[in-house]
Amino acid sequence: MDRVVITVHPTVSDEKLLSVTDAMQQVLDHMKLFEAAQQSMGDPHSRFEWRLEKASTNSPFTVVAVAQASNPSVNVSAMAKRVKAEVSQGLRSLMTRGTPPEWMTHDTFAVAKGIFARNLNGIGETYIDFEDGDVISITPDQAKAGINTLDAFNVMDFEQDLVPRQSFGEIEGVMLAAGRYRNREAIQIKNEMYGFIWCTLSRDLIERFGDEHSMSDIWKGKTLGVHGRLNYIAGGKLQTIDAVEVREIEFAPLVNLETILDPDFTAGMDPHEYLEQLHEGRLG
């Protein structure tokens, strides 16, 4: 399985202790970059999520994330490697070449700037292991270079340079309305990244969609995956989708904690003693 290891080191002046907020947010922001790079590729058949495999409990804070396919029968290794390569090259472009990657948007500019800013205040070094010998170490000097690139680059000019385009892919969103868009049958969804999007439906899809869904789905806030032609206007904004497939996204059911609770998890030790031995490395 494909993994990413992110290690956050404290500054020397912090006496080897990290701020909880800095450590957690640094990892979360890196994962946002991975998600943005994956979304830019628009391949719904190789969808995957980064799942937490393990994490350290002290400084330096280390998180290991593994790529897990949304569909267990699909091998997403090739896609995961592409995403890792995009993020690796993108960070290097910002820190050493003075240019942002093409997949970055206004929102991801802000995320990258937050990553660099923490490396100048609170974090001494961020170490990202992409596997296969591809490693990036973000030091204060490199963080300064990254911020200088972002400050010098006019994001508005960057977005205006993006011409109208079309691509094929899948976008997820909560269904809000069913009606007509420019005299065509359509549904409207709300996506976290792009906001409100009208999705026009073909005649075949209307017949299938009408059999499988009802107007009550709108008020239930069902999450849908809409696959088709993605129509972007100038500046990179996704305006509409010409849908060829619509699927309902079902989330995993809630887990009953009582059924998985292990009363012997601490081997008879009270919680304080168990955590103390865990932090001191005396537990296997």
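The accessible surface of the chain comes to about 16500 Å². Carbon and sulfur atoms account for 53% of that area. The model is predicted. Of the 284 residues in the chain, 41% are buried. The chain has 9 helices and 10 strands. Among the strands are an open sheet of 5 and a closed barrel of 5.

**Confidence and contacts**

- The mean pLDDT of the chain is 84.
- A score of at least 70 is reached by 84% of the residues.
- Among the elements of the chain, strand β5 (residues 135–138) has the highest mean pLDDT, at 95.
- Helix α5 (residues 155–160) has the lowest, at 55.
- Contacts with a separation of 6 or more were split by sequence distance, and residues 24 or more positions apart account for 62% of them.

**The open sheet**

- The strand order is β2-β3-β1-β4-β5, and the pairing is antiparallel.
- β2 and β5 stand at the edges with a single partner strand each, so one side of each has no neighbour in the sheet.
- From one strand to the next, the twist averages 20°.
- Helix α1 (residues 20–41) packs on this sheet and touches β1, β2, β3, β4 and β5.
- The direction of helix α1 makes about 150° with that of β1.
- Strand β2 (residues 48–55) pairs with strand β3 (residues 61–69) over 7 bridges, in the antiparallel sense.
- These two strands, β2 and β3, form a hairpin with 5 residues between them.
- Within this pairing, leucine 52 has alanine 65 in β3 as its bridge partner.
- β1 is joined to strand β4 (residues 123–129) by 6 bridges, and the two run antiparallel.
- Threonine 7 stands opposite tyrosine 127 in β4.

**The closed barrel**

- The barrel runs β6-β7-β8-β10-β9, with mixed pairing.
- Neighbouring strands of this sheet are turned by 55° against each other on average, direction ignored.
- Strand β6 (residues 165–181) and strand β9 (residues 223–232) run antiparallel and are joined by 10 bridges.
- Glutamine 166 stands opposite asparagine 231 in β9.
- Leucine 224 also has its place in strand β9.
- Leucine 224 counts as buried because its relative accessible area is 0%, and the cut-off for buried is under 20%.
- Leucine 224 and valine 174 are 50 residues apart in sequence, yet their C-alpha atoms are 6.1 Å apart in space.

**Salt bridges**

- The structure holds 16 salt bridges.
- Glutamate 53 and arginine 3 meet through their side chains in one of them, at 2.7 Å from N to O.
- That pair links distant parts of the chain, with glutamate 53 in strand β2 and arginine 3 in strand β1 (residues 3–10), 50 residues apart.
- Both partners are partly exposed: glutamate 53 has a relative accessible area of 36%, and arginine 3 has 26%.
- Aspartate 242 forms a salt bridge with arginine 229, and the closest N and O atoms are 2.8 Å apart.
- This pair also links distant parts of the chain: aspartate 242 is in strand β10 (residues 238–248) and arginine 229 in strand β9, 13 residues apart.
- Aspartate 242 counts as buried because its relative accessibility is 17%, and buried means under 20%.
- Arginine 229, at 32%, counts as partly exposed.
- The side chains of arginine 180 and glutamate 185 meet in a salt bridge at 3.4 Å, N to O.
- Arginine 180 is partly exposed, with a relative accessible area of 48%.
- Glutamate 185 is also partly exposed, at 25% relative accessibility.
- Asp2, Lys81, Lys84 and Glu131 are linked in a network of salt bridges.

Definitions and conventions: Residues are numbered from 1 along each chain as its sequence is written. This is a predicted model: local features need pLDDT of at least 70, side-chain atom pairs count only at pLDDT 80 or more; totals for chains, interfaces and linings use all residues. Side-chain values use heavy atoms; hydrogens and water are left out. Helices (H or I, at least four residues) and strands (E, at least two) are DSSP runs, numbered from the N terminus. Buried means under 20% relative accessible area, exposed over 50%, partly exposed in between (1.4 Å probe, protein chains only). Contact means heavy atoms within 4.5 Å. Accessible areas come from the Shrake-Rupley method with a 1.4 Å probe; for residues, only the protein chains shown count as cover. Two strands pair if DSSP finds at least two bridges between them. Axes are lines fitted to C-alpha atoms, for helices over the stretch in contact, and angles run from 0 to 180 degrees between N-to-C directions. pLDDT is the predictor's confidence in each residue, from 0 to 100. A salt bridge is a side-chain nitrogen of Lys or Arg within 4 Å of a carboxyl oxygen of Asp or Glu.
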